[in-house]
Amino acid sequence: MNKAAFRGLFLVILGGALVFRTAGLGLRPMHHDEANQAVKFGALLEKGEYRYDREDHHGPSLYYLTLPLAKAAGRHTLASLDETVLRLVPAIFGAATLLILLLFLKGAGAGAVLASGIFLAVSPAAVYYSRFYIQETILLFFIAAFLASVWRYALNPSWGWAAAVGLCAGMMYATKETSVIAFGAAAGGLIIALMSGRKGGEVGGGHGRFRVWHFLLALASALAVTGLLFSSFFSHPNGVLDSILSFRVYIARGSEAGWHRYPWYHYLSLLAFSRFGASAPWWSEGVILFFALIGGIAAFGRGRHDEPGPSFPRFVLFYTIFSTAVYSLIPYKTPWNLVPFHFGIILLAGTGTARVLRAFRSNAFKAAVLMVIAAFVIHLGVQTYRANFKDFADPRNPYVYAQTGVDFMRLIKRVDDLAAVHPDHKEMLIEVVAGSYETWPLPWYLRGFAKVGYWQDADRAETPSAAAVVISSMDQEEKLQGRLGEGFHSEYYGLRPEVVLALHVRNDLWERYITEKAGK
Amino acid sequence: MDKKTAVCLALALIVAGVPARSQDQSKVELKLQLPKPMFIGTPRNIRTPNLEAVTGKARGPFYVPAGTKLVSLNKPVTASDTAPVIGETSFVTDGEKSGEDGYFVEFGPGKQWVQIDLKEPYALWAILIWHYHSQARVYRDVVVQVSDDKDFVGGVTTVYNSDHDNTSGLGIGRDKEYIETNEGRLIDPKGVRARYVRLTSGGNTSNDMNHYVEVEVYGVPVK
């Protein structure tokens, strides 16, 4: 394949990845976790405040990386933010991960890079979580950049790649605690690739050699990035220590798992085949798994050009095996946690696809195989469309997890409509009486209201009967009804499957709303 | 004055001050410190059926005239959506009330109705509805009407209406919304005479679709 054709195809794939990741970012209601991140980012945006929270939030990179984009979009307050601005951050990093693939050209080859690019561009899992305002896709980008830097350094050691390894490692750690899994998996993969690589000649055609000061440079780069971000740029030095102490929290959470406990094969079965109910559509990224399997088997064959040096397929294969194994063995599982090892599967699938195509000498056979692969890619694209633009909140979509339902948006619209007829408009008093799991994402959607109070127990709520609107979880209803009396009109709205919220509207406001609505 | 009392007083002042603020320009707004939401991790993902009622208490006894019997079993059912997404329209009166898959009929999104033809007029004393009770959800704009006119043009009596803002265009209702449970929703038609029963709904809190596991109509033949 000539360079012009490669560039053209790569740009088309990159364009497709961008469209899938950035179109209609406001469609899906904010997930509980997204709203948490968004409100925390709001404090950084409005007051410049950020404190690492080792209990309920991951690393600082997501918030600091959102800051320039939000400011460029002219947003300076939480209320002025919207879903599109926030989700653009992971969407851009998700698409940019394709650019990292170019660093694997030496080792993987153009065919494998293009195939991996296509799979990454259209994979439903990769796209769905690229549109999610959480840390996973940022982590994916830095893992990809870290693997590429490690690989390029292994091919031709230099201070530049050493510094890149350190910077990426620092950003990974500053993104999510689970980055340590990728560190271990990448180290294991590299050791095996180096030990099993063909001896003789110049490694990767380069002239560099490993130096101790390269290692020290990488370490210093990683520590500098980590220190800067976790200490909130030296304003909160304890954040660095907290980032280490957080492992106690996450080890306990990972082993206890609670209601996020799933069997070891959960992630692989989710990718291979999912169907919830006889009438529900089925989902599968089986074609990616199939080609990854071929890529894995081919890793034990001869190298692409039989070059001396470490074997790229073995580096990727063992990174993928180690990271998949660790994530699978941790009882705590949420579907977005598959993103880091799913990237390894996609790299392997790319090498597997290239290997299959090279196995056919006849152009007619190659064309036939390409058509079959194209059909599978189209099927992946259809699933991605369904997952992100049609069934984005449907619990039968395997990538959906504890997702806020579309009915919740009707509650928000009702509250907005009520505020429009209330004399104080957005300053009307709203009381939320619900446990933490039933409260979110209300703080995000009520961010434009000036007077909103949150209580977890109806007995502690301050004079709820004085509020214009009270939103409550069902477990608080009985106690709350006793305090509200007869002066409220009640409706129900779905927050998530099985989770219903009650909306209580003071009778005078309800009557005004109905009267104005009837008059329109 | 302790802190709680002070906050209470402040809240009362601010609320009391809302209507008066425009009248008294000398007053300034008291800034209210309301509690912030607590941050917390990922909530539980629920994809499997759960028969547990959210607030359900066992329904007490319901009294009807002697001779009242189930008059809807296996009676013909028609629907606004003639091609159900899942199941058959006949499921509405087939006597099967299980909450599992295979026992409910799913109609399209938005406003939809089903209509039961009792084949002859009855004095109706109870209507029991199960929309979908394997998950805690609320059906919107539930309106139950009865009539002797199969087209529901004349002689229509509305016996239940939870459409509080007239979304369905059948009038504003005052009946409460309710969470589906395996007990079903019991409606008291108070002996109204009718041959046809029409049930309307407009989606639910989990999705926009309309479901029926079973509808039971109890009555006494009209001589």
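Author: From the N terminus on, chain B runs α-β-β-β-β-β-β-β-β-β-β, which comes to 1 helix and 10 strands. Keep in mind that this is a predicted model.

Reader: What share of the contacts in chain B join residues at least 24 apart?

Author: It's 72%, counting contacts between residues at least 6 apart in sequence.

Reader: Over to chain A. Why is α6(A) called oblique to α16(A)?

Author: The axes of α6(A), residues 110-122, and α16(A), residues 339-359, cross at roughly 130 degrees and come within 7 Å. That angle makes α6(A) oblique to α16(A), because 65 to 115 would be roughly perpendicular and over 145 roughly antiparallel. The crossing is right-handed.

Reader: Which residues meet there, and how do they divide into nonpolar, polar and charged?

Author: From α6(A), the residues include Val113(A), Phe119(A) and Leu120(A), and α16(A) brings, among others, Ile346(A), Leu347(A) and Leu357(A). The contact divides into 10 nonpolar, 5 polar and no charged residues.

Reader: Why is Gly381(A) called partly exposed?

Author: It has 18 C-beta neighbours inside 10 Å. Buried needs 20 or more and exposed needs 12 or fewer, so a value in between is partly exposed. Gly381(A) sits in helix α17(A), residues 363-390. In space, Gly381(A) is 9.9 Å from Gly16(A), C-alpha to C-alpha, although 365 residues separate them in sequence.

Reader: What makes β2(A) and β4(A) edge strands?

Author: First, the order: 5 strands form an open sheet as β2-β1-β3-β5-β4 in chain A, with mixed pairing. β2(A) and β4(A) each have a single partner strand, so one side of each is left without a neighbour in the sheet. Neighbouring strands are turned by 20 degrees against each other on average, direction ignored.

Reader: How do you know that β2(A) is largely enclosed?

Author: 5 of the 5 residues of β2(A), residues 451-455, are buried, so the rest of the structure largely encloses it. In a regular strand the side chains alternate between the two faces of the sheet. Here Lys451(A), Gly453(A) and Trp455(A) point one way, Val452(A) and Tyr454(A) the other.

Reader: Which strands pair with β1(A) in the parallel sense?

Author: β1(A), residues 429-433, pairs with β2(A) over 5 bridges, with Val432(A) opposite Tyr454(A). Another 4 bridges join β1(A) to β3(A), also parallel, and Val433(A) stands opposite Ser472(A).

Reader: Which helix packs on the sheet, touching β3, β4 and β5 of chain A?

Author: That's α18(A), residues 406-421, whose direction makes about 145 degrees with that of β4(A). Helix α22(A), residues 507-519, lies across β4 and β5 of chain A, at about 90 degrees to β5(A).

Technical notes. Residues numbered from 1 in each chain as written. Chains lettered and ligands numbered in written order. Predicted model: local features only at pLDDT ≥ 70, side-chain atom pairs only at ≥ 80, totals over all residues. Axes fitted to C-alpha atoms, helices over the stretch in contact; angles between N-to-C directions. Helix = DSSP H or I, 4+ residues; strand = E, 2+ residues; numbered from the N terminus. Parallel < 35°, antiparallel > 145°, perpendicular 65-115°, else oblique. Left-handed = near helix turned anticlockwise from the far one by under 90°. Contact = placed C-beta atoms within 7 Å. Nonpolar A, V, L, I, M, F, W, Y, C, P; charged D, E, K, R; others polar. Pairing = 2+ DSSP bridges.
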